[in-house]
Amino acid sequence: MPRDTLSRDQIVRTAVELLDEEGLDGLNMRDLGKRLGTVATAVYWHVKNKDDLILLAGDQVWDEVELPDLDAVDWRTAATRMAGSLHAMLARHPWLVQAFGSHLFYGPAKARHDDHSLAVFEAAGFRGAAADLASAAVFTYVLGNVLGMSALDSLTKRLSRTGKDPEELIGATMARAREIAGDFPRLRARLGTSSDDYNATPEHTFEYGLRALLDGIAATLP
């Protein structure tokens with residue numbers, strides 16, 4: 001594709017697809033150019049560099065997060081739906097969680113999300129710094145909840161690029177972890193049960209934690 005027929009939107013959409021498939025470490029301009037049917041140098045006519053492209057891709061996926069109508073639902077329903085939608089978005093794009101460690105994300109889509117999150121807690125009755133704290137508490141909870149999932153995705157993709165069998169290596173690691181867990185009474189009691197997957201969290205953990213967090217936030221309302 002000649003550079004004059006490329007658009008930045010096309011480049012960003014294709015970058016998101018590549019990031020989803022290959023992860024943060026798998027994004028490079030040469031492969032991106034191949035997907036676009038052009039050369040890497042043509043991409044640089046529309047984006048400054050790889051870091052700029054990651055910022056653009058990161059902002060685009062924030063548009064996937066639901067922003068509930070506060071005239072139609074109460075603040076708690078809106079907060080729950082926003083948090084669940086954010087969790088789902090980060091699970092679809094685990095590279096974004098990894099990129100938080102090396103990039104400062106900003107842009108109109110993220111700004112819309114952040115503004116609406118503040119509006120949710122203002123609708124509850126929080127003002128100023130109190131709304132900021134409530135919004136940040138929910139965001140950091142969601143981010144922390146998907147961190148393990150993102151790390152596993154990154155590890156799996158990295159092992160695959162080296163030609164190794166991710167399932168075999170991760171399985172061997174978990175087997176060693178269970179052996180160590182056998183030396184600790186509470187962990188040992190869970191071996192052989194539904195909690196036997198040492199690296200897994202119990203079902204509905206996210207929903208349980210979110211309800212508890214919102215209960216705590218609601219308890220601080222004036």
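At 46% relative accessibility, A151 counts as partly exposed. That class spans the range between buried, under 20% relative accessible area, and exposed, over 50%, with a 1.4 Å probe and protein chains only. A151 sits in helix α8. The model is predicted: local features need pLDDT of at least 70, side-chain atom pairs count only at pLDDT 80 or more, and totals for chains, interfaces and linings use all residues. Residues are numbered from 1 along each chain as its sequence is written, and side-chain values use heavy atoms, with hydrogens and water left out.

The protein chain contains 11 helices and 0 strands. Helices are DSSP runs of H or I with at least four residues, strands are runs of E with at least two, and both are numbered from the N terminus. In sequence order the pattern reads α-α-α-α-α-α-α-α-α-α-α. Along the principal axes, the C-alpha atoms fill a box of roughly 60 × 50 × 25 Å. Of the 222 residues, 36% count as buried. Contact means heavy atoms within 4.5 Å. Among contacts with a separation of 6 or more, 68% join residues 24 or more positions apart.

The chain exposes about 12,700 Å², and carbon and sulfur atoms supply 54% of this area. Accessible areas come from the Shrake-Rupley method with a 1.4 Å probe; for residues, only the protein chains shown count as cover. The chain carries 24 positive and 32 negative charges, and their mean positions are 5 Å apart. Lys and Arg count as positive and Asp and Glu as negative, while His and the chain ends are not counted. Each charge is placed at NZ of Lys, CZ of Arg, CG of Asp or CD of Glu.

H87 lies in helix α5, residues 75–92. H87 is buried, with a relative accessible area of 15%. Beyond residues up to four places away in sequence, H87 touches V142, N145, V146, M149 and F206. L67 is found in the loop between α4 and α5. With a relative accessible area of 35%, L67 is partly exposed. Its contacts, again not counting residues up to four places away, are M82, R112, H113 and H116. L67 and H116 are 49 residues apart along the chain, yet their C-alpha atoms are separated by 6.7 Å.

A cavity is a set of points where a 1.4 Å probe fits but cannot get out; a pocket is an open set with protein on both sides within 12 Å along at least five of seven lines; lining residues have an atom within 4 Å of a point. Grid points are joined across faces, edges and corners, and a volume is the space filled by probe spheres set on the points. The second largest pocket holds about 250 Å³. Of its 14 lining residues, R8, L56, D59, Q60 and P108 are the closest to its centre. Helices α1 (8–22), α4 (50–62) and α7 (108–124) each supply at least two residues of this lining. The largest share, 5 residues, comes from α4.

The count comes to 1 cavity of 30 Å³ or more. The largest cavity has a volume of about 40 Å³. Its lining consists of E22, G23, L24, D25, Q98, S154, K157 and R161. Helix α8, residues 129–161, gives the most to this lining, with 3 residues.
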